[in-house]
Amino acid sequence: MSALLEVSNLNKHFGGLHAVRNVNFSVERGEIVGILGPNGAGKTTLYNLLTGFIAPDPGASVTFDGHKLLGLAPHRIAGLGISRTFQLCRPFIGMSVLENVIVGALGSRRDHGADLDARAQALLGQVGLAGKEGVPVEVLSYGDQRRLEIARALAARPALLLLDEPFAGLGGGEIADLSALIRQVHADEGLTVILIEHKLREFMRLVGRVIALDFGEVIAQGLPEDIVRHPAVIEAYIGRDATGTEPAHAA
Ligand SMILES: Nc1ncnc2c1ncn2[C@@H]1O[C@H](COP(=O)(O)OP(=O)(O)OP(=O)(O)O)[C@@H](O)[C@H]1O
Ligand SMILES: [Mg+2]
């Protein structure tokens, strides 16, 4: 069987900045793949390209589950089974927690009415937000917002979940909880997951394979334990201490 996601010859220029550079990789069904790279490496831009938020330079090819994605609008790509979370939480302000999850499912057309409501309730339980269904999103704690973000992404029943720094801003206990949640949805829902993260300790335990980026380019791919020792990866992090980037060993 072919890979779930196949990316080839992906490039993106923002004016003179080559933000994503000749990126090629594939992801098999059921994998948890980590994307590692210092600030500005092009990680979020990669997600924006995969989800149709921005268009790549000509010549690229992205295939998901047999569908060619390039040129499709974000809602079409979501409808094919790719959900994402955002680096900065983007809840729908003015709606309740439950309404936020239901909105997340609307594009998928897989659940309707009462089913949708029940699925949203179940997801909130799964992410640890049971009892907070009616709460306005703006009063949620930061950690709860990150959980809601995942419930919202899962509501559409994706086959591929793209997480953009889900642990950012969380404390140790919250990171462990969220990590367990990601592992659980991966196992329960048969999800394939791609995870961008700087917090290396949990990241290393969670992912089966790592793709390391620097200046938009894939500089290493392989097992997590090999990647953190890879000279190019160490150089990418340590080489930038002076610019204020958090070095890998401090994460
Ligand atoms: N819409 C845009 N217009 C112009 N430049 C952009 C745009 N989006 C990203 N960039 C630039 O592209 C480069 C890669 O940005 P990106 O956000 O993908 O990095 P990142 O790896 O996600 O970094 P971080 O770890 O800080 O989130 C950066 O130099 C950024 O300033
Ligand atoms: Mg980013």
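I began with the packing of helix H5 in this predicted model, and found that its buried residues pack against strand S6 (82-84), helix H3 (97-105), helix H4 (113-126), strand S7 (160-164) and helix H6 (172-188). Counting burial along H5, I noted the helix as mostly covered, with 10 of its 14 residues buried; among them are Arg146, Arg147, Arg152 and Glu149, together with Leu148, Ile150 and Leu154.

I then checked the length of H5 (residues 142-155): at 1.5 Å a residue its 14 residues should span 20 Å, and because its end C-alpha atoms are 20 Å apart, the two values agree. After H5 comes Arg157, for which I recorded a positive phi, near 55°.

Next I listed the surroundings of ligand 1, which include Phe14, Leu17, Ala19, Gly37, Gln87 and the residues Asn39, Gly40, Ala41, Gly42, Lys43, Thr44 and Thr45. Strand S2 (17-27) and helix H1 (43-50) are the elements that give two or more residues to this shell, and H1 gives the most, with 3 residues. Sorted by class, the shell holds 4 nonpolar, 7 polar and 1 charged residues.

Last, I looked at the whole protein chain, which has 9 helices and 10 strands. Its radius of gyration is 18 Å, close to the 18 Å that the globule rule gives for 251 residues, so the chain is as compact as a globular protein of that length. The C-alpha trace spans about 50 × 40 × 35 Å along its principal axes, and 39% of the 251 residues count as buried. Of the contacts with a separation of 6 or more, 65% join residues 24 or more positions apart.

Conventions. Residues numbered from 1 in each chain as written. Chains lettered and ligands numbered in written order. Predicted model: local features only at pLDDT ≥ 70, side-chain atom pairs only at ≥ 80, totals over all residues. Near = placed C-beta within 6 Å. Helix = DSSP H or I, 4+ residues; strand = E, 2+ residues; numbered from the N terminus. Nonpolar A, V, L, I, M, F, W, Y, C, P; charged D, E, K, R; others polar. Expected span 1.5 Å × (residues − 1). Buried ≥ 20, exposed ≤ 12 C-beta atoms within 10 Å, placed from the backbone. Contact = placed C-beta atoms within 7 Å. Rg over C-alpha atoms; globule rule 2.2 N^0.38 Å.
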